[in-house]
Amino acid sequence: MKMLYQSCLIIFLLITSITISAQNQKINFSKVDSIIENAIIDHAFPGAQLLIWKDGKTIYEKPFGHFTYDKNSPKVTNSTLFDLASVTKVIATTTAAMICYDRKLFSLDDPVVKYIPKFGVNGKDKITIKNLLLHNSGLPAFKKFYEFCSSADDVLKDIYSSKLEYPTGEKMVYSDLGIITLAKIIEKVTGKRFDKFCKDEIFAPLKMKSTLFNPPDSLKKFCAPTEVDNYWRNRLLQGEVHDEASAMLNGIAGHAGLFSTASDIAKLMSVLINNGMNDGKSFINPETVKLFTKRFSEQSSRALGWDTKSETGSSAGDFFSPNSFGHTGYTGTSVWVDPERKLFVVLLTNRVYPTRENLKISKVRPELHNAVIKSIEKD
C-alpha cells in the first residue's frame, strides 16, 4: 500500500511538473516576427513596434527595423514615438468622451448646437454627439483645408458652416470633421484645451508618459519619421503631425495628432479590457466601456468612436472574436482588442515613409493578427 501511494505521488508530481512547465513555456512568435520582418524587406514600412497583451500582462513586446530604409538610420526601439494618426480618435477623443459621459458633462443625445451654436446652419441642427461618434452625421469625410484655409479658425469656421452630404443617420461615412467637432465640444464642457484635458485626465493618471500632442524639439529625434512631404510642407516630417488638417489646427485635434508608444497604449487598453478598472479602482464605468465598444447597429460596423470587427476583410484578420473592437491609423498604426480572449494587439509602423502611396500594410495587418492567434492557440 505504501509503495502504491508513493508511486501515485510520483506520478502526480510528474504530471504537475509537466503542466507547470507547459504553462511557463514561452509562446513561439517566430511566425509573427517573420511577417513583420518580411514586410520590412518588402518595403511595407521601415520600422515597427509590436505589443501583445493577454490575460492581464504583456506577453510579447518587440521593436523591428529602422527609422528609414537606410540601415544606418536609428533602430526602432520600444521607446520610439510613432504618429498615431486616426488612432488618436480612440486613445484621446473617445476616451475623453467616455469620461465626460461618466461625469454627466453631456448626454450622447445632446445636439451639437447646444455647445457650438454656429454649427447649426445648413441642416446640421439635429446632429447629436452620438452621430459624431457613430460617423453617421452627414458631414463630409474630410477636406483639404491646407488648400484654402490659412488658420485654425478658418478650418473650424468651414466645418461649422459645412453642408450635409447625406441626411443625418442615413448611413455611415467615416468623418474626420465629426471627430474634430467632438473635441471642441469636450473643450467646451471641461473648460480645458483638448490636449490639456487628455493629459490631466487620461495620460497622467495612467502613467502614459510618452503620449502627447506636439512633441517638443528635444523629443523629435526619438520619433519615427513619416512622410517626405513634397506637396505642402516640402520637408521630411519627423515629430510633427502628418495629418494636414491636424497641422492646420496646430497639431491638437480630435481626429489625429497624438504621438505614443505601444507600451503606453497598452496601459489604456488594459483598462478598457478590464471593464474600466485601473489598479483596483474604477477609471471608467464598466457600463460606459461596454456601451462605447459594442457595435451600435447592423447598419455598419461602428461602435461609439471605436470600430468593431467586420465579418470579412477586417484588419483584425479572421480569428478575432465577433465582439472585438479596434481602430487603425493612416500612418500605419492599429490596435485590436478581443475581450473574449482577454487579448489585444498594438502594431505601430511608419508605413507612409517615404510616401503615402505605399498601401502594402493592408495585407500585413490581417496576416499578423491571424499569426498572433495561431501562435497563442497552437496545440
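Predicted model: local features only at pLDDT ≥ 70, side-chain atom pairs only at ≥ 80, totals over all residues.
**The six-stranded sheet**

Let's start with the open sheet of 6 strands, which runs in the order β2-β1-β13-β12-β11-β10 with antiparallel pairing. At its edges sit β2 (57-65) and β10 (307-308), and each of these pairs on one side only. Helix α10 (residues 262-273) packs on this sheet, where it touches β1 (47-54), β2, β11, β12 and β13 (343-349). If you compare directions, α10 makes about 155° with β13. Inside the sheet, β11 and β12 pair in the antiparallel sense, and F325 has V337 of β12 as its bridge partner.

**The three-stranded sheet**

There's also an open sheet of 3 strands, in the order β3-β7-β4, and here too the pairing is antiparallel. β3 (82-83) and β4 (212-213) are at the edges with a single partner strand each, so one side of each has no neighbour in the sheet. The partner of β3 is β7, paired in the antiparallel sense, and F82 is bridged to S260 in β7.

| Strand pair | Residues | Bridges |
|---|---|---|
| β11 and β12 | 325-329 and 333-338 | 5 bridges |
| β3 and β7 | 82-83 and 258-260 | 2 bridges |

**Helices α2 and α12**

Two packed helices are described by the angle between their axes and the distance between the axes. For α2 (residues 30-41) and α12 (residues 361-376), the axes come within 8 Å and cross at roughly 165°. Angles over 145 degrees count as roughly antiparallel, so that is how α2 lies relative to α12. The crossing itself is left-handed.

Which residues of α2 and α12 make the contact? From α2 it's K31, V32, I35, I36 and A39, and from α12 it's V364, E367, L368, A371, V372 and S375. By type, the residues of this contact split into 8 nonpolar, 1 polar and 2 charged.

**A look at A247**

Last up is A247, which has its place in helix α9 (residues 244-248). Leaving aside residues up to four places away in sequence, A247 touches W232, R233 and V241. As for N214, it is 33 residues from A247 in sequence, with 9.7 Å between the two in space, C-alpha to C-alpha.

Note on methods: Residues numbered from 1 in each chain as written. Heavy atoms only, no water. Pairing = 2+ DSSP bridges. Helix = DSSP H or I, 4+ residues; strand = E, 2+ residues; numbered from the N terminus. Axes fitted to C-alpha atoms, helices over the stretch in contact; angles between N-to-C directions. Parallel < 35°, antiparallel > 145°, perpendicular 65-115°, else oblique. Left-handed = near helix turned anticlockwise from the far one by under 90°. Contact = heavy atoms within 4.5 Å. Nonpolar A, V, L, I, M, F, W, Y, C, P; charged D, E, K, R; others polar.
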